[in-house]
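Let's take a walk through this model together, one region at a time. Have the sequence and the 3D view open as you read.

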Amino acid sequence: MAIKEKDIKRLLSLSMLSCSDDELKRLKSDLESFENRFRSLDEVEVSACDNLPRAHESFTRADVVKDSCDREEILKSAANTEKGCFVVPRVVE
Amino acid sequence: MKITALTLTALRDGIRQGKFSAVEATEAAFSEIAELKDLNATITVDKEKALNAAKLADESKDFSRPLSGVPILIKDNICTKGLKTTCASEFLREFTPIYDATAVKRLKNAGAIIIGKTNMDEFGMGSRGENSAFGAVKNPHDPSRCAGGSSSGSACSVASFQVPAAIGTDTGGSITLPASHCGVVGLKPTYSAVSRFGLIAYASSLDRIGPIARSVRDCAEIMQVMAGRDGLDGTCVKSGADYLDYAVGVNGLTVGIPSHFFGGVDEKVVAAVQKAARILERNGARLVEMDIPVGEKELGAYYAISCAEAASNLARFDGIKFGKRADGSSYNEICVASRTSGFGDEVKRRIVFGNHVLSGEGYSRYYIKANKVRREVTERFGGIFEKCDLILSPSAPSVAPLLDAKSSDVTEGFLEDIYNVPISLAGLPSLCVPINSNPLPIGVQLVGKAFSEPLLFGVGEMLEREVSR
């Protein structure tokens with residue numbers, strides 16, 4: 001599959017990343033290497049029931065409200081907080 | 001003998017017998033870390049807190065716990081309360097967790113002194129320990145070479161006698177590969193044997209936390225403490241295994257050996273595997289050739305799944321709630337600028353690969369097929385373990401590569417994981433044991449069924465004894 005510049009831009013947008021024109025060329029070449037390296041997957045035949053990841057044995061916890069981490073302690077990890085909240089630019093006009 | 005030259009078990013016993021104190025053991029570790037700073041094995045050390053913990057241990061005069069007074073380093077993608085946890089990323093350079101990972105909590109409860117955090121490939125993405133915002137880790141046997149990755153600092157610090165043991169993590173060979181390159185013992189435990197709570201996720205269905213030490217017994221001692229059911233990790237379901245209850249030896253066991261080696265494997269590695277096979281046979285094992293699922297298809301499946309999961313796991317890094325925050329006039333601008341400046345090249349590349357695999361045509365072309373290959377690999381291993389008790393195989397296709405020797409093709413480096421990723425896909429345990437040490441270390445790995453770690457420890461300890469004769 002030929003990788004086009006617009007494909008890379010779409011993937012960068014999905015990834016919430018940006019890059020310079022030179023980096024974009026490099027990324028295109030890297031993605032082409034990835035495609036070439038993993039051509040062996042093309043030979044794999046799949047049916048409808050293959051659309052599932054491998055399931056691990058697991059359990060679920062009871063949904064019980066209990067004390068957790070301290071709000072102020074959690075907010076210390078953020079660069080910009082105010083009145084117990086994360087500060088972001090206005091999102092609603 | 002210097003305190004730092006002792007194994008974990010010998011160090012713990014020495015403290016118990018009053019030969020030296022926990023403070024002396026901790027100070028000795030810090031002294032070696034300072035002396036060997038150029039190897040770049042650690043990112044953060046906390047002398048004050050560690051010495052306080054050691055002092056408390058000495059004052060309590062109670063050394064009955066399994067790791068009482070033993071200084072240990074933790075890979076920097078495992079959360080440690082009040083101690084920076086950076087994942088070797090610019091994004092998390094100043095991040096300090098407010099809780100301990102379950103594995104860390106269990107080590108502390110067992111009396112271990114957590115003295116700092118080890119360098120690594122950023123978020124666990126790499127095979128050479130070079131993808132770090134804090135610089136590459138050097139191999140203690142030859143500083144012009146890499147230590148292997150991604151648990152590069154953990155393997156290096158143990159191999160260079162800075163600490164008796166360190167904790168690593170493994171997604172596609174990140175414990176066994178550096179263990180091989182540095183000449184130490186490393187266990188990639190069965191998937192879900194050790195809780196992942198507090199491990200900053202790279203690929204959740206593959207990530208594991210495991211020990212790196214200078215003896216098989218030391219790895220077993222750490223597993224005894226760290227493993228077991230945890231209510232905070234929904235996949236961590238098993239409890240009750242006794243990792244210290246194993247018989248040393250291989251007599252009567254059937255060992256699968258590779259019927260052929262993958263094209264690029266170094267002849268010195270083949271010779272090391274053959275040497276280990278001869279030792280096993282001499283000690284009573286029956287060797288049978290097996291067609292082990294190792295190849296480009298398995299490698300492709302691993303990278304498709306791990307990059308897809310990485311793209312999803314790292315989507316939460318938006319610069320708002322934690323970590324690096326760049327300027328911007330909208331949420332999107334802040335998020336894009338924070339991620340672009342905070343993540344290193346390899347991490348960005350894998351996120352983009354991951355979104356390629358998960359979106360548009362890539363989903364049917366890669367993701368679904370990768371999951372089918374994963375199931376096939378698991379079934380093939382199931383068939384192999386009907387014919388043998390364990391498998392002997394290379395840990396790495398070569399000795400430690402030279403630093404800065406990367407190919408222009410970024411996927412070329414993926415081949416270093418070729419012997420590890422099938423085991424990761426199948427969720428199996430693997431123990432790397434050093435076989436050769438001159439001029440550079442080479443380890444082999446023993447692979448078993450899920451939760452067969454005690455069997456691997458028994459065979460590994462026998463191998464270790466025979467090699468050191």
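## A helix to start from

In this predicted model, helix H2(A) is built from 17 residues and spans 24 Å from its first C-alpha to its last, close to the 24 Å expected at 1.5 Å a residue. Its buried residues are Leu24(A), Leu27(A), Asp30(A), Leu31(A), Ser33(A), Phe34(A), Glu35(A) and Arg37(A).

What covers these buried residues of H2(A)? The cover includes H1 of chain A, and from chain B it includes helix H9 (296-313), helix H11 (345-358) and helix H12 (361-384).

## Where the two chains meet

Chain A brings 48 residues to the contact and chain B brings 69 residues. Between them the two chains bury about 5200 Å², with 62% of it on carbon and sulfur atoms. There are also 20 residue pairs in polar contact between chain A and chain B, counting pairs with both residues at pLDDT 80 or more. On the chain A side, helix H1 (5-14), helix H2 (21-37) and helix H3 (71-75) each supply at least two residues that touch chain B. H2(A) gives the most to this side, with 8 residues. By type, the residues of chain A that touch chain B divide into 27 nonpolar, 9 polar and 12 charged.

Salt bridges cross this interface as well, and 6 are found there. Arg365(B) and Glu35(A) meet in a salt bridge through their side chains, at 3.3 Å from N to O. Glu35(A) is also one of the buried residues of H2(A).

## Salt bridges to look up

Over all chains, the salt bridge count comes to 33. Are they buried or exposed? Both Glu346(B) and Arg350(B) are buried. They also belong to a network of salt bridges that links them with Arg26(A), Asp30(A) and Arg349(B).

Arg380(B) pairs with Asp291(B) in another salt bridge, with 3.5 Å between the closest N and O atoms. Arg380(B) lies in helix H12 of chain B and Asp291(B) in the loop between strand S10 (286-290) and H9, so the pair ties together parts that are 89 residues apart in sequence. Arg380(B) is partly exposed at 35% relative accessible area, and Asp291(B) is partly exposed at 45%. Arg145(B) and Asp142(B) join side chains in a salt bridge too, at 3.1 Å from N to O; Asp142(B) is partly exposed, at 22% relative accessibility.

## Backbone spots worth a look

Most residues other than glycine have a negative phi, and most peptide bonds are trans. Met16(A) has a positive phi of about 55° although it is not a glycine. You will find Met16(A) in the loop between H1 and H2 of chain A, where it is partly exposed at 21% relative accessibility. Phe161(B) has a positive phi near 65° and is placed in the loop between H5 and strand S6 (165-170) of chain B. Its relative accessibility is 37%, so Phe161(B) counts as partly exposed.

Two peptide bonds in chain B are cis. One joins Gly149(B) and Ser150(B), with omega about 10°, and Ser150(B) lies in the loop between strand S5 (142-146) and helix H5 (152-159). Another joins Asn438(B) and Pro439(B), with omega about 0°. Pro439(B) is in the loop between strand S12 (430-436) and strand S13 (442-447) of chain B.

Definitions and conventions:
Residues are numbered from 1 along each chain as its sequence is written. Chains are lettered from A and ligands numbered from 1 in the order in which they are written. This is a predicted model: local features need pLDDT of at least 70, side-chain atom pairs count only at pLDDT 80 or more; totals for chains, interfaces and linings use all residues. Side-chain values use heavy atoms; hydrogens and water are left out. Contact means heavy atoms within 4.5 Å. Buried area is the accessible area (1.4 Å probe) that two parts lose on being put together, summed over both. A salt bridge is a side-chain nitrogen of Lys or Arg within 4 Å of a carboxyl oxygen of Asp or Glu. A polar contact is a pair of N or O atoms within 3.5 Å; within protein, one must be able to donate a hydrogen and the other to accept it, and residues adjacent in sequence count only if both atoms are side-chain atoms. Helices (H or I, at least four residues) and strands (E, at least two) are DSSP runs, numbered from the N terminus. Ala, Val, Leu, Ile, Met, Phe, Trp, Tyr, Cys and Pro count as nonpolar, Asp, Glu, Lys and Arg as charged, and the others, Gly among them, as polar. The expected span of a helix is 1.5 Å times one less than its number of residues. Buried means under 20% relative accessible area, exposed over 50%, partly exposed in between (1.4 Å probe, protein chains only).
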